[in-house]
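Here's a friendly walk through one protein model. Have a look at the sequence and the picture first, and then we'll go through it together.

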Amino acid sequence: MTVPIVFLLIFAIVEFGFMFRDYISLRGAAAESVRAAAIAGNDVSADFRILEVVQGTSGPLPDGAITRVVIFRADTAASTVPPSCLTA
């Protein structure tokens, strides 16, 4: 009776570890991408550089984990993301 519960607990701990690894990887990729965007500024190849950073820093994530990347250029600090970017 206790053996299945122990296996379930071990499996849950391992799965949580995988989920946490993906979360940390995604968070790091987002932070590095924002840094690349801030450095690139208004450069004509800024979008390409940002996508390169996303690809380079998302290594530990499984293939297909990132399904879309929205690059939004804010004109002012009060700019909001257009609805078309949120539902693309």
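Let's start with a word we'll need: two residues are in contact when they have heavy atoms within 4.5 Å of each other. Take Ser25, for instance: leaving out residues up to four places away in sequence, Ser25 touches Thr57, Pro60 and Leu61.

A quick note on what you're looking at. This is a predicted model, where local features need pLDDT of at least 70 and side-chain atom pairs count only at pLDDT 80 or more, while totals for chains, interfaces and linings use all residues. Residues are numbered from 1 along each chain as its sequence is written, and side-chain values use heavy atoms, with hydrogens and water left out.

**The overall build**

How many helices and strands are there? The protein has three helices and zero strands, and along the sequence that reads as α-α-α. Both kinds of element are DSSP runs, numbered from the N terminus: helices are H or I with at least four residues, and strands are E with at least two.

Now for the proportions. The C-alpha trace of the protein spans about 65 × 25 × 20 Å along its principal axes. The radius of gyration of the protein is 18 Å, whereas a compact globule of 88 residues would come out near 12 Å. That radius is taken over C-alpha atoms, and the globule rule is 2.2 Å times the number of residues to the power 0.38.

What about contacts along the chain? Among contacts between residues at least 6 apart in sequence, 36% join residues at least 24 apart.

**Inside and outside**

Here "buried" means under 20% relative accessible area, "exposed" means over 50%, and "partly exposed" is in between (1.4 Å probe, protein chains only). What share of the 88 residues is buried? In this protein it's 12%. The accessible surface comes to about 7100 Å², and 67% of that belongs to carbon and sulfur atoms. Those areas come from the Shrake-Rupley method with a 1.4 Å probe, and for residues only the protein chains shown count as cover.

| Residue | Relative accessible area | Class |
|---|---|---|
| Ser25 | 11% | buried |
| Ser45 | 25% | partly exposed |
| Arg49 | 40% | partly exposed |
| Ile24 | 43% | partly exposed |
| Thr87 | 67% | exposed |

**Placing those residues**

Ile24 sits in helix α1, and Ser25 lies in helix α1 too. Ile24 and Leu61 are 37 residues apart along the chain, and their C-alpha atoms are separated by 9.7 Å. Remember that Leu61 is also one of the residues that Ser25 touches.

Arg49 belongs to helix α2. Setting aside neighbours within four places in sequence, Arg49 is in contact with Ala40 and Asp43. From Arg49 to Ile71 it's 22 residues in sequence and 11 Å in space, C-alpha to C-alpha.

Ser45 and Ile5 are 40 residues apart in sequence, with 54 Å between their C-alpha atoms. Thr87 and Gly28 are 59 residues apart in sequence, and 23 Å apart in space, C-alpha to C-alpha.

**Rings that meet**

A pair of aromatic rings is described by the distance of the centres and the angle of the planes. Rings of Phe, Tyr and Trp (its six-membered ring) pair if their centres lie within 6.5 Å; planes under 30 degrees apart count as stacked, over 60 as edge-to-face and the rest as tilted.

How many aromatic pairs does the structure hold? There are two. Why does the pair of Phe16 and Phe20 count as stacked? Their ring centres are 6.1 Å apart and their planes are at 15°, so the pair is stacked. Phe16 and Phe20 are four residues apart in helix α1 (residues 2-40), so about one helical turn separates them. Phe20 is partly exposed, with a relative accessible area of 43%.
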